[in-house]
Amino acid sequence: MPKHSRKLHALLLGVTMLAAGCQQPQPTNEAPAAKESKRSASEYLSQPLVSDIYTADPSAHVWNGKVYVYPSHDIDGPTPEDDLGGHFEMRDYRILSMDRIGGPVTVGPVALDVKDVPWAEKQMWAPDAAHKNGTYYLYFPAKDKEGAFRIGVATSNNPMGPFKAQPQPIKGSYSIDPAVFTDGDGSSYMYFGGIWGGQLQRNIDGKYDPNGSKTDLGQDDKAALAPRVAKMTGDMLEFSETPRAVQILDEKGKPLLGGDHDRRFFEAAWMHKYKGKYYFSYSTGDTHYLAYAIGDSPYGPFTYKGRILEPVEGWTTHHSIVEWNNRWWLFYADSQLSGQTRLRNVKVTELKYNPDGTIQTINPFVTKGTKDGAAH
Ligand code: FUB
């Protein structure tokens, strides 16, 4: 980018973030502008929540009136990009907090480092968190010493950490992207799984097969690989049952097929409840949509309803949905700050429902008639 347009880009970014009430970009040794996005800041629907570290996969929660975001902490590593996500080499977690959406964002110190997780070797991917009886639980996937993804849990009495990891991963856990949902009756459920680099296809019967397929089942005309759900034990540290398959059905009640890349589950599960219905949402991975399906029970089945977010800049798309101040918010991520798939930044925008409970699809870029959903 020529020098003058780089300056204009920085100016626009600052102005837009100020307008949104967000933190201004800070100079940093972690976020070099090695490659910048080709778009100007004003073309994006919303602006990065923080720019002094790279963040992705935002799992947001509202606790005691404050908003906490549990993201992946992206770093620039040496591994070349591949289809299995080897270039996502994250080694720790840092948590974000804000008193209000659109307000200043605090970036916490390291909350959990891979070196302090006895069973984990590398790749601290998308985490989530839960809160019960004064204890905060951080759930995270990481590769163990055999190269298999497992899901671990760490606890703290502070939502920002530091967290102390349990010595072993959750028994019976595998694959990636845990999302823990607590229902109105106090029962908690973990949704998880991801195909390709997320290894769901290498854990068909819950046992890791290092020689399994690299991508999916390779059966386009059969039911797609299903994400998993398991009820948590009362102490939130284990599964109380063998994980079950989460069925996502089409409008005729048939499971979505493996070849239906525009709609089938890939990774990044999230669950929220709206007007008594359960909304299971997820990424379609190689087609880059955030999609959702609605059901009557936390176990499903869920019927596919449509898209929440059109493709963002960057390969991955991952999100969470929370209610704050009587409105609903979509936390998501793109690659605006770096222009690189592996160095992402989290964002937030408002999510709206139609009267029939369907979700209005969001375009992450500004077109005529759209504006920054976070600027309130
Ligand atoms: O951030 C690493 C992986 O990329 C996550 O676990 C996936 O959901 C995708 O965002």
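Here are some numbered notes on this predicted model, meant for someone opening it for the first time.

1. Some ground rules. Residues are numbered from 1 along each chain as its sequence is written, and side-chain values use heavy atoms, with hydrogens and water left out. Since the model is predicted, local features need pLDDT of at least 70 and side-chain atom pairs count only at pLDDT 80 or more, while totals for chains, interfaces and linings use all residues.

2. The overall make-up. The protein chain has one helix and 21 strands; these are DSSP runs numbered from the N terminus, with helices being H or I of at least four residues and strands being E of at least two. Of its 376 residues, 59% are buried, where buried means under 20% relative accessible area, exposed means over 50%, and partly exposed lies in between (1.4 Å probe, protein chains only).

3. Surface and contacts. Take the contacts (heavy atoms within 4.5 Å) between residues at least 6 apart in sequence: 56% of them join residues at least 24 apart.

4. A sheet to look at. Strands of a sheet pair through backbone hydrogen bonds, either parallel or antiparallel. Here, four strands make an open sheet in the order β10-β11-β12-β13, with antiparallel pairing. β10 (179-182) and β13 are the edge strands, each pairing on one side only. Two strands pair if DSSP finds at least two bridges between them.

5. Walking across that sheet. Four bridges link β10 and β11, and Phe-181 sits opposite Tyr-189 in β11. Tyr-189 also has a bridge partner in β12, namely Lys-231. β11 (residues 188-192) and β12 (residues 228-231) are joined by four bridges. From β12 to β13 (residues 244-245) there are two bridges, and Val-229 stands opposite Arg-244 there.

6. A hairpin elsewhere. β6 (residues 128-132) and β7 (residues 135-144) run antiparallel, joined by five bridges. His-131 has Tyr-136 as its bridge partner in β7. Two residues lie between the strands of this hairpin, and Asn-133 in the turn has a positive phi of about 45°.

7. Have a look at Thr-284. Is Thr-284 buried or exposed? It is buried, with a relative accessible area of 0%, although its place is in the loop between β16 (277-283) and β17 (290-295). Leaving out residues up to four places away in sequence, Thr-284 touches His-261, Asp-262, Arg-263, Arg-264, Phe-266, Tyr-289 and Ala-291. A polar atom of the Thr-284 side chain is 3.5 Å from the backbone nitrogen of His-288.

8. The ligand. Which residues are around the ligand? They are Asp-57, Met-90, Trp-125, Ala-126, Asp-177, Glu-267, Thr-316, His-318 and Arg-344, each having a heavy atom within 4 Å of it. By class, this shell has three nonpolar, two polar and four charged residues; Ala, Val, Leu, Ile, Met, Phe, Trp, Tyr, Cys and Pro count as nonpolar, Asp, Glu, Lys and Arg as charged, and the others, Gly among them, as polar.

9. Ala-126 has a backbone N or O atom 3.5 Å from a ligand oxygen. The protein covers 99% of the 270 Å² of accessible area that the ligand has on its own.

Terms used. Polar contact = N/O pair within 3.5 Å; in protein donor to acceptor, adjacent residues only side chain to side chain. Areas by Shrake-Rupley, 256 points an atom, 1.4 Å probe, with all protein chains shown as cover.
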